[in-house]
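Student: Pick one spot in this chain and give me a close look at it, please. After that, I'd like to hear how the rest of the chain is put together.

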Amino acid sequence: MCAGAAGPTTRAIFIIIRPCCKLPPIPKKGSIRTTLLRSASWRSRSLFSENDMLKIKRIKCGLTVSLLLSITTGYAQTDSVLVKSVPEIRTPTVTDRTIHMPEAPAGYRLLLKGSDHVPIVDSTGRISRPLVATKVNLYFQLVSNTVDTLRYDLTRAVTVPGKHADAGSSEAPFVIPALREWYGAPGSLELRPQTRIVVSSKNNVVAMAVAKILKDELAAVLGRSPQIVAGAPAKGDIYLTTAEADRAIGQEGYYFTVTDKVAISASHYQGLFWGTRTLLQLLDQSNMLPRGTARDYPEFKVRGFVLDVGRKFFRLQFLKDYVKLMSYYKMNDFHIHLNDNGFKKYFNDKWEETYSAFRLENSMYPGLTAKDGSYTKQEFKDLQDLAARYAVRIIPEIDAPAHSLAFTKAVPEIASKIYGMDHLDLHNPLTLTTMKNIFKEYISGPNPVFKGEEVHIGTDEYAKKDAEVFRAYTDEMIRFVEQFGKKARLWGALTHAQGKTPVKAAGVTMNTWYNGYANPVHMKKLGYQQISTPDGWLYIVPLAGYYYDYLNLKNIYNRWTPYRIGNVVFPQGDPTIIGGAFAVWNDIAGNGISEKDVHDRVFPALQTLAQKMWSSGAAGQTFEQFDARRKLIGEGPQVNIRGTIAKPGQPYTRRFSFDASEAKVLLNGARLTAGHTKNALSFTGARSFAQLPLAEVGYDYTVSFWINPAQNVENAVVFSSPNASIKLKQLKTGKLGFSRDGYDISFDYTLPENAWTMISVSGTSKGTKLYVNGALRQSLYDNWIQYNDKDKTRMRKSETLVFPLQTIGGFSGKLDELQVWNRVLTGREVQQLFDREK
């Protein structure tokens, strides 16, 4: 079936099945190599609507059975003779205000439905001239004058002339995502110490809100805090205004102009804020801003990231940092998956032992909220307020009626007796009452916990045998959240759960993730808006051995756009595809994966997908060029999840000798005393510590120090940060170790008391190494978790560490000669270091 086509066609599919033979297995979820035979045999109806006609001729059992499926569909090949007969669009002139619609074949009419550059040609055909000549892809439907359901999809490209005859004197500066329009001017502008942020004198409430955030960010980037004033800008100033006359650029569009000043203009908050992200990314690379004008806007409304916090808890600060990170790359849709559970087979095949969690404070069912990490209602509200200031939507998801073990543990009566406790019993009236109560607690009232206009109701991977009751539940929950003024999102499952029970589509958005569960062509016909979330392209499942551990960025950059869902590709400009999202699923609960590990996987993917979700067109550079240049841009002001301590590509070494007092090392109950080399820091217990100017150092790194513990007290801390701690004696093991993300990891080594020992630790995204007195003591790189399931499954264990440096102390003893590198030293280098210092 060809995606994106329209108009009826009749096909015959012959399937030969020998009843005495063993049938091929049903393709597993996530398979991206399902054969045509299997698709036809097992999922034939999934390709077509409920109105498709299936004619089956059966022959007596025991003989070869021929199934003739004569299918009348609502979609046809886009390369049909009829489509090809539609002429190309006449190139508009500089005076044209609308495109010239091509003539439709006899008996048909052409409807313009969308554009991949709406701010240049909108759905009415109105032209808004770009800065420079731009190719625009227009999406039409060719509709029969006699049978309205007969529709063909077709695209036509047209080049719209620009305001300028050429692209100007300089190429577009590199930012992520790439600027969609740019006209270059000669020269550059350097921001000076006297640079101000100037907002327009009239109607400046919106601009002032943006200016206040930008002021703090520029202080972090430039080392100085610019003044905010109202009025007219002077040379060297940054001017913000929402009085942009070009309304065609929409809510997220903006102009960015550099002359002898910087001017950012938009008509809405979102666009103005995105313009400041462009400024900050340019400053991330250089203080010299290229002169010219950008007219920038997204192609897709939704540019999203899905984070599973149900099977792995992420601290609130991490979520706040991610709001800022996503905003920095103009990613505007943060989908938080609030509940889930592990696989029973990894927990002794017992539901009561299987890990599950629901991460929000809940009043009606107090036992529902996870004990090992959750968010209060106020914290979640505050997160959404922060996101709104950074032009990001928070999409909260409560996933049911599968993935529901957290709910059935809290209310056991609603657990399915047939499909397992991770399924709700949809035949029990208490189930619907319970789930409505849970949703209502967060979406009702004048100040609801879920503040945005959209709520995700889950509906993923429920048992196929109960399709009708599943469809009824889905429809009921859609209409329930709509009663509270919310729009519903859901996971695509209606091809998997085929049935006669109708499910509301109007005004509903679907994450289409696997075409066997929701065929995207069919979902378009039903009327769903779709967010392209294809598992075979965009799913990260850390250390699981299936899906991706790290996404294939080159393949995504070269081949994927939101118009592609699995192997289905919709026409550019199709407005039913409203964007895309990639996801992290923490399926293997308890495998040691840390927030930092997840981020190591997400960050390069986010940079790449920010580009692909802003514009489906080429960014004007190869993947290799993009990949090299993206590394020059960081996580944004005030965000350093990676623990970066130097500019990209720059070597860094920092040594703290502690021989004398240092202004940037603050002592609290600690003092300088005779050490291994001259002086050292001396500590007297838990309330004795020193604060360093470094919070932590991320992958790849080496940290070395000399330590002399006076007393090896259990859980005594040597180094700490908000994310991790190094301990002299990890719990009851008596071993040197570290703790992060709720995991306590020990080295097979005990520090001697009242003696100097040189400890060196190196870390990468794959593991951690411990050196003692220059010799490798232990490498935590290849440890596994052995499960007791029937397959005796082994899963890799993460024992990584982003080394904490913010605070030294909390133990009794001395520490000297602390050194930090932003690279992994070789074993030989560590030995040479010990030989020099011993």
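Tutor: Let's say first what counts as touching: a contact means heavy atoms within 4.5 Å. This is a predicted model, in which local features need pLDDT of at least 70 and side-chain atom pairs count only at pLDDT 80 or more, while totals for chains, interfaces and linings use all residues. Residues are numbered from 1 along each chain as its sequence is written, and side-chain values use heavy atoms, with hydrogens and water left out.

The spot I'd pick is Leu833, which sits in helix H15, residues 827–837. Helices (H or I, at least four residues) and strands (E, at least two) are DSSP runs, numbered from the N terminus. Leu833 has a relative accessible area of 3%, so it is buried (under 20% relative accessible area; exposed is over 50%, partly exposed in between, with a 1.4 Å probe and protein chains only). Leaving out residues up to four places away in sequence, Leu833 touches Ser704, Met758, Gln819 and Trp821. For a sense of scale, Gly275 is 558 residues from Leu833 in sequence, and their C-alpha atoms are 48 Å apart.

Now step back to the whole chain. Buried residues make up 57% of its 838 residues. Of the contacts with a separation of 6 or more, 70% are between residues 24 or more positions apart. The secondary structure comes to 15 helices and 46 strands. The radius of gyration is 30 Å, close to the 28 Å from the globule rule, so the chain is as compact as a globular protein of that length. That radius is taken over C-alpha atoms, and the rule is 2.2 Å times the number of residues to the power 0.38.

Two of those strands, E40 (residues 768–772) and E41 (residues 775–780), run antiparallel and are joined by five bridges; strands pair if DSSP finds at least two bridges between them. Thr768 has Leu780 as its bridge partner in E41. The hairpin leaves two residues between the strands, and Asn773 takes a positive phi near 50° there.

One more stop: UniProt, in an unreviewed entry, puts the feature "active site" at Glu461. UniProt positions are in the numbering used here, feature names are shortened, and annotations may be inferred rather than shown by experiment. Glu461 lies in the loop between strand E20 (454–458) and helix H9 (467–482).
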